Amino acid sequence: MLQITCIFLISILPSFLPHGRAMLNLTLPGQHPHPEAVAQQLYRKVNASIARREMLAVSEKEVASCLTGNPIDDCWKCDPDWANNRQRLAECAIGFGQNAFGGKGGKFYIVTDSSDDDPVNPKPGTLRFAVIQNEPLWIVFPSNMMIKLSQELIFNSYKTIDGRGADVHIVGGGCITLQYISNVIIHNIHVHHCHPSGNALVRSSPEHYGYRTESDGDGISIFGSRDIWIDHCTLSRCKDGLIDAVMGSTGITISNNHFSHHNDVMLLGHSDNYLPDSGMQVTIAFNHFGEKLVQRMPRCRLGYIHVVNNDFTRWEMYAIGGSGGPTINSQGNRYTAPEDPYAKEVTKRLDAGQGDWSGWNWRSEGDVMANGAFFVASGEGAGTKYTKAYSVEPKSADRISLLTMSAGVLGVARDNNLGMWTRGPNDGGRYISDFGPEYTDDMARSTMPFPPSRTFSLVSASIAFLCLLSHTTTFL
């Protein structure tokens, strides 16, 4: 309750004090004090993984064939018994979300029931029953599942959804909501055809359920949360964003995902003047932004966004957009522009003239521009702010195909039965879907935009300090 009250007070005071944002950057719980050092650390890990792969290619070819140079995948996939050592995955995150431990150390919970009939009193065995529990849980699936949500799937802290070894689809109302929580890993699931839901009661913990207004229809909504890692998911065809992170969320890594068939792909930030988002730190790494995407890959408002070693394929409007003055650090990506001669620019500044955005710190280093793509840099360039981030030279983007070759859900057409939670005799690797008719766009309905807010001030800084002090005290 305290956290909600603090965020409310911080957000309303700016309307009375319009010049405060330039005075202060709010430090959030979970925010790294040196974001450039996190960028440097990530590249050390990539370089080490690639060097190890190249070295073993000569001496131990069988081991090298498993390695890709992708430090996340190389951390767990080369273990032949990974299916019985699943929680090691929590040690493999990189970037700003590297402290997302999910349900590590907790019990395994096996989803045996794909239904979602009662969002207030979910049945044991369902996914909803698992994610609302107070204790850490590592959630797994014994078989392929299509989970059609009746309402938002609201998580509690310290949860891992581990879809490895099964083909798990989450569709319907909501879909996934991470609100005022921490330590969540979402791994190897499909999220698609999510539509607005709400105006209903939904349970968020064993002790609490409440009335939910209409949701936006995001695939994954991160709201006032930290230490979040979304890895190896396939996302498409939702009503609003595929992944949105707002309201002071930070400590997020979005990696190894495949995005396709969508307009507004990813929004990072509530509004240009919502100062808590100035502490937002997000790593976007090894993803494939695929076919029929229009814009927002991502669209940033404030904070520090590290976009590294991704493959961008023919956006329709732009790839990376922003407003409000975010820091965007683009390294070692491949940007392939569309055929439209008016959409070749990777970047887009929104709601600002050049006199305003020329000071924004947007930097491209080691990126490959294909089919006429170009990145408009601005701000401090190679100045002191970027010294640490660029002290390790990024790998050339000619490695992108290797680093992103397994982006999205693993196993659907590649060894789908390998690593099943309950493993029996292999049926020859044949993939059989029991999902029935394909889920269609008819599920989608209208949505509502975020309301605007205004700037911050020193008065709200005092409230922020007291809130953070109280937050710290509650955990001592």
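The model is predicted: local features need pLDDT of at least 70 and side-chain atom pairs count only at pLDDT 80 or more, while totals for chains, interfaces and linings use all residues. Residues are numbered from 1 along each chain as its sequence is written, and side-chain values use heavy atoms, with hydrogens and water left out.

**The chain as a whole**

- The protein chain contains 8 helices and 31 strands; helices (H or I, at least four residues) and strands (E, at least two) are DSSP runs, numbered from the N terminus.
- Of the 476 residues in the protein chain, 57% are buried, where buried means under 20% relative accessible area, exposed over 50%, and partly exposed in between (1.4 Å probe, protein chains only).
- Among contacts in the protein chain with a separation of 6 or more, 68% join residues 24 or more positions apart; a contact means heavy atoms within 4.5 Å.
- The protein chain has an accessible surface of about 19,400 Å², and 54% of that belongs to carbon and sulfur atoms (Shrake-Rupley method with a 1.4 Å probe; for residues, only the protein chains shown count as cover).

- Strand β7 (residues 176-179) pairs with strand β12 (residues 220-223) in the parallel sense over 4 bridges, and T177 stands opposite S221 in β12.
- On to the next pair: β12 is joined by 4 bridges to strand β15 (residues 243-246), running parallel, with I220 opposite I243 in β15.
- Strand β19 (residues 266-268) runs parallel to strand β23 (residues 299-300) and is joined to it by 2 bridges; here L268 faces C300 in β23.

**The sheet of 9 strands**

- This open sheet has the order β3-β6-β9-β14-β17-β21-β25-β28-β31, and its pairing is parallel.
- Its edge strands, β3 (145-149) and β31 (368-370), each pair on one side only.
- Strands β6 (residues 168-173) and β9 (residues 190-195) run parallel and are joined by 4 bridges, with G172 standing opposite C194 in β9.

**A loop residue to look for**

- You can find G105 in the loop between α4 (71-76) and β1 (107-110).
- G105 is exposed, at a relative accessible area of 69%.
- G105 and W138 are 33 residues apart in sequence, and their C-alpha atoms are 8.3 Å apart in space.

Key
Two strands pair if DSSP finds at least two bridges between them.
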